[in-house]
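Work through the exercises below with the model open. Try each task before you read its solution.

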Amino acid sequence: LQYLGSGRHWRAVFDIFDSLCAAAAATAEGAGPANPVTKEQAKGQRRGEPQRASRAPNSHVATTVLSIAGRRGELDRVRSIFQWMRSQGGSRSAPTAYTYTAYIQVGTLVDQALYPKSFNSKAQTLDSKP
């Protein structure tokens, strides 16, 4: 995902993440006669294989997508991923220390973009101290 996120097709990372979340949500609801598996859910599954349980993206994947969104200035996406992770409770998709670090770094990037003069003067002040 990091490689894809650094290329010109970086938006595909969001499509992949969204499809993983949707597949996990559909599996959580359960598939059966009342709720059949859609063609999209079955795509990639070999004939005769039992239905595989789709699992939500883990915290590492979600944090990577959050970081890519932040580097690309997709702040609404950053917020939605972070909120989704927080809504996962204590599951494997819950935010970790790395997630919070990435979230803080996104905030710093935003501040630098909005207030570049402020950051330059702070850096000069820190450099000039003995």
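The exercises go from the overall fold to single contacts.

This is a predicted model, in which local features need pLDDT of at least 70, side-chain atom pairs count only at pLDDT 80 or more, and totals for chains, interfaces and linings use all residues. Residues are numbered from 1 along each chain as its sequence is written, and side-chain values use heavy atoms, with hydrogens and water left out.

**Exercise 1. The fold**

Count the helices and strands of the protein, and state what percentage of its residues count as buried.

Step 1. Take helices (H or I, at least four residues) and strands (E, at least two) as DSSP runs, numbered from the N terminus. The protein has seven helices and zero strands. Their order from the N terminus is α-α-α-α-α-α-α.

Step 2. Of the 130 residues, 22% count as buried.

**Exercise 2. Helix α4**

Check the span of α4 against its number of residues, then examine its start and what follows it.

Step 1. The expected span is 1.5 Å times one less than the number of residues. Helix α4 covers residues 59–71, 13 residues, so it should span 18 Å. Its end C-alpha atoms are 18 Å apart, which agrees.

Step 2. Look at the start. A side-chain oxygen of N58 comes to within 3.1 Å of the backbone nitrogen of H60. This is a polar contact (a pair of N or O atoms within 3.5 Å; within protein, one must be able to donate a hydrogen and the other to accept it, and residues adjacent in sequence count only if both atoms are side-chain atoms).

Step 3. G73 follows α4 and has a positive phi, near 75°.

Step 4. List the buried residues of α4. They include A62, V65, L66, I68 and A69.

**Exercise 3. Salt bridges**

Find the salt bridges and locate the partners of each.

Step 1. Apply the criterion: a side-chain nitrogen of Lys or Arg within 4 Å of a carboxyl oxygen of Asp or Glu. The structure holds three.

Step 2. R11 and E74 meet at 3.3 Å, N to O. R11 lies in the loop between α1 and α2, E74 in the loop between α4 and α5, 63 residues apart. R11 is partly exposed at 48%, and E74 is partly exposed at 23%.

Step 3. D18 pairs with R77, with the closest N and O atoms 2.8 Å apart. This pair links helix α2 to helix α5 across 59 residues.

Step 4. R79 pairs with D76 at 3.1 Å between the closest N and O atoms. Both sit in helix α5, three residues apart, so about one helical turn separates them. D76 is exposed at 62%, whereas R79 is partly exposed at 44%.

**Exercise 4. Aromatic pairs**

How many aromatic pairs does the whole structure hold?

Step 1. Rings of Phe, Tyr and Trp (its six-membered ring) pair if their centres lie within 6.5 Å; planes under 30 degrees apart are stacked, over 60 edge-to-face, and the rest tilted. The search finds four pairs.

Step 2. W10 and F14 are edge-to-face, 5.9 Å centre to centre with 90° between the planes. Both W10 and F14 are buried.

Step 3. F82 and Y100 are also edge-to-face, at 5.4 Å and 85°. F82 is in helix α5 (residues 75–86) and Y100 in helix α6 (residues 97–114), 18 residues apart. F82 is buried at 5%, but Y100 is partly exposed at 39%.

Terms used. Buried means under 20% relative accessible area, exposed over 50%, partly exposed in between (1.4 Å probe, protein chains only).
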